[in-house]
Amino acid sequence: MKLILKPEEIAITIRRLAHQIVENHEDFSRIAIIGLQPRGIFLSNRIYEEIQKISKGQSIDYGKLDITFYRDDVRNELHTANETDIPFSIEGKDVILIDDVLYTGRTTRAAFDALLDYGRPKKVELCVLIDRRFTREFPIQADYVGKYIDSFETQKVLVRWTENSDKDHVTITEG
């Protein structure tokens, strides 16, 4: 097991991602941040909190999206649905989808399908903590990336989130 990001590095990366989002979006009334269930919400919660600090508490729409039944592998495995909580309209908004790892692009593709059931956004951007380049099965690219990792298909990238973030870490393992 190889350590990729330590807790301090994750915290710095989250602050950087939040600042990049703020730099690209001056009007917070036109954006919506949506974390992908289940693992993307750990990152989206932290990014949302950072943006709240940076924007001095301006109102920003924040939701959580479950993509379980939009996945193309749902027929092959038993999946437990998570909660979707989008208490606002995404119609005409710039939506920022947040997930922990971008790997094949299949999760993001499923998120696009699920998102369209809630309206038609003006624009959709993708923010990820880890981008496993060179492993795409769909032509999907993140707009905001914490760290690029070149890995083999036999390797797994594991993001471990803890409640108080002092033990968060990212590792890469074989098989």
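The model is predicted: local features need pLDDT of at least 70, side-chain atom pairs count only at pLDDT 80 or more, and totals for chains, interfaces and linings use all residues. Residues are numbered from 1 along each chain as its sequence is written, and side-chain values use heavy atoms, with hydrogens and water left out. Helices (H or I, at least four residues) and strands (E, at least two) are DSSP runs, numbered from the N terminus.

**The sheet**

- Three strands form an open sheet in the order β1-β8-β7, with antiparallel pairing. Two strands pair if DSSP finds at least two bridges between them.
- β1 and β7 are the edge strands; each has a single partner strand, so one side of each lacks a neighbour in the sheet.
- From one strand to the next, the twist averages 30°. Axes are lines fitted to C-alpha atoms, for helices over the stretch in contact, and angles run from 0 to 180 degrees between N-to-C directions.
- β1 (residues 2–5) and β8 (residues 169–174) are antiparallel and share three bridges. L5 has V170 as its bridge partner in β8.
- β7 (residues 155–160) and β8 are joined in the antiparallel sense by six bridges. K156 has T173 as its bridge partner in β8.
- Strands of a sheet pair through backbone hydrogen bonds, either parallel or antiparallel.

**The helix across the sheet**

- Helix α1 lies across β1 and β8. It runs at about 30° to β1. Contact means heavy atoms within 4.5 Å.

**The nonpolar cores**

- A nonpolar core is a set of buried Ala, Val, Leu, Ile, Met, Phe, Trp, Tyr and Cys residues joined through side-chain atoms within 4.5 Å. Buried means under 20% relative accessible area, exposed over 50%, partly exposed in between (1.4 Å probe, protein chains only).
- The largest core has 29 residues; I47, I51, C127, L129, I130 and V170 touch the most other members.
- Helix α1 (residues 7–24) gives this core its largest share, six residues.
- Apart from this core lies another, of 20 residues, including A32, L36, I67 and I90.
- Leaving aside neighbours within four places in sequence, I47 contacts I14, L17, A18, I21, I98 and C127.

**A buried loop residue**

- S55 sits in the loop between α2 (40–54) and β3 (61–65).
- S55 counts as buried because its relative accessibility is 7%.
- Not counting residues up to four places away in sequence, S55 touches F28 and I60.
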